[in-house]
2 protein chains.
Amino acid sequence: MSGYFLEDIGAPELRERTSVADELAGAVRTLISSTVLTEVDAVAAARAIEHIEAAVEILGTERLSEDSFGVRFTSDGVKRNWGNAVIGRRNPVAPPVVLNHDGAKAWSEFELGPAYEGPAGLVHGGIVAAILDQVLGSAAEHAGHPGMTGTLTIRYRQGTKLGQVRAEAELDRVEGVKSIAKGRIVTSDGVTAEAEGIFILPRWAREASAAAAAEKLRKSLSDG
Amino acid sequence: MSGYFLEDIGAPELRERTSVADELAGAVRTLISSTVLTEVDAVAAARAIEHIEAAVEILGTERLSEDSFGVRFTSDGVKRNWGNAVIGRRNPVAPPVVLNHDGAKAWSEFELGPAYEGPAGLVHGGIVAAILDQVLGSAAEHAGHPGMTGTLTIRYRQGTKLGQVRAEAELDRVEGVKSIAKGRIVTSDGVTAEAEGIFILPRWAREASAAAAAEKLRKSLSDG
């Protein structure tokens, strides 16, 4: 699979990169909100654009040769999907949703500002779906049953107001290569949306895991 | 409903605002990609952040008093949901998806860059869902049967590669206050995801429409 990298960097370097990612993406998130809310005229906007282009130029002096961040691992197994559109800490499109895990459960509390609007004053139904897809998938993965989304069903109970939001999910059951997770979005109004997701272990991962099992068996036979 | 505005601006003013929105949001979209892909160190990142903060300061000199853009109409009925997280032209989180309509069908072709990644090299399943929610809802609305999303079901057939994407949807049928729309995402690999959405006319809209019907009836009786 292209786009999956092993990066052998140590803890101090990882800390430095984490801090750069958070500060830079944080500044861009503020700029995104300002862009949605500004009422400046064309002249002022042009001055802002000059600064934005200057920032782009600086950031472009050293950049990845690939067209996406991909998913990275350090040699001690730390996974960095920092480009992820929902949880990616260095992706300004992501709120980001920072997940907590407790066994088969995953949850997060975060703020959704003006950049996530759909109907006036409400979170876009599609953003609700995007967050639930991620939280359900992460719950299944963390419980040891990762997979790509096969089917995702969202039931919207009421509008989700922009502002403070809680998302939570748990692995419900496993049926062969399918993991079924359930979850919901909760605000001060109560549950606003419920989701069920079926996550399927990709064939390449199954084959890799079958090959690993066969190798283990072969070794135990040759050792015995 | 708060957040829905009537703004009585003329065509030249609307053209100016459109151009400012496109240029500013376009520059921020480029900055978002740069943020995902950059490998500059902390010193260079700090210089970029200075420019970003300068842009935020300029844009903040005049801003909306509300915390979201809302949904605006001009007096000739032009709808501007520019803050929308999927189709909003002045929202840098939105690709944006620019929709074409033909009766009950809606479609769009657009590019999804590194900011929309989920699995390495692939569009986030949640972003696929977000786009389908919007395109299905817009198809139903444009066919004269608008509604808030009630249920959204996405079936993922294969990964959606980052890059050029087509999204399309059509109103399938109407059952009372429910509009049912179907749609799909298509890339050079073929159909990657299929969706069905049930959109429900909110009670306040039904009551408004019932009140309008009653008023019409009352008038026709008093006129007659």
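Contact here means heavy atoms within 4.5 Å. With that in hand, start with how the two chains meet: 100% of the interface residues of chain A are also interface residues in chain B, so the copies meet through the same surface.

A word on ground rules. This is a predicted model, where local features need pLDDT of at least 70, side-chain atom pairs count only at pLDDT 80 or more, and totals for chains, interfaces and linings use all residues. Residues are numbered from 1 along each chain as its sequence is written, chains are lettered from A and ligands numbered from 1 in the order in which they are written, and side-chain values use heavy atoms, with hydrogens and water left out.

**How the copies are related**

Turn chain A by 180°, shift it 0.0 Å along the axis, and it lands on chain B with an RMSD of 0.1 Å. That is the relation of a two-fold axis. In chain A, A:Thr153 has the C-alpha nearest that axis, 2.2 Å away. The copies were superposed by least squares on the C-alpha atoms of residues with pLDDT of at least 70 in both.

**A sheet shared by both chains**

Helices (H or I, at least four residues) and strands (E, at least two) are DSSP runs, numbered from the N terminus. Two strands pair if DSSP finds at least two bridges between them. What is the order of the 12 strands in the open sheet? It reads 4(A)-5(A)-7(A)-8(A)-9(A)-6(A)-6(B)-9(B)-8(B)-7(B)-5(B)-4(B), with antiparallel pairing. Strand 4 (100–102) of chain A and strand 4 (100–102) of chain B stand at the edges with a single partner strand each, so one side of each has no neighbour in the sheet. On average, neighbouring strands of this sheet are turned by 20° against each other, direction ignored.

| Strand | Partner | Bridges | Residues opposite each other |
|---|---|---|---|
| strand 6 (residues 148–156) of chain A | strand 9 (residues 190–200) of chain A | eight bridges | A:Tyr156 and A:Ala193 |
| strand 5 (residues 105–112) of chain A | strand 7 (residues 163–175) of chain A | eight bridges | A:Leu112 and A:Gly163 |

Strands 8 and 9 of chain A also form a hairpin, with two residues between them.

Helix 3 (residues 125–142) of chain A lies across strands 4, 5, 6, 7, 8 and 9 of chain A together with strand 6 (148–156) of chain B, and runs at about 130° to strand 6 of chain A. Axes are lines fitted to C-alpha atoms, for helices over the stretch in contact, and angles run from 0 to 180 degrees between N-to-C directions.

Now for helix 2 (residues 42–60) of chain A, which packs with helix 2 (residues 42–60) of chain B at an angle of about 165°, their axes 8 Å apart. That makes the two helices roughly antiparallel (the label is for angles over 145 degrees). Among the residues of chain A in this contact are A:Ala44, A:His51 and A:Leu59. By class, the contact has 14 nonpolar, two polar and two charged residues. Ala, Val, Leu, Ile, Met, Phe, Trp, Tyr, Cys and Pro count as nonpolar, Asp, Glu, Lys and Arg as charged, and the others, Gly among them, as polar.

**A second sheet**

Chain A also has an open sheet of three strands in the order 1-2-3, with mixed pairing. Strand 1 (4–6) and strand 3 (79–80) of chain A are at the edges, each with a single partner strand, so one side of each is left without a neighbour in the sheet. Two bridges join strand 2 (residues 71–73) of chain A to strand 3 of chain A in the antiparallel sense, and A:Phe73 stands opposite A:Lys79.

Note on methods. Angles under 35 degrees count as roughly parallel, over 145 as roughly antiparallel, 65 to 115 as roughly perpendicular and the rest as oblique.
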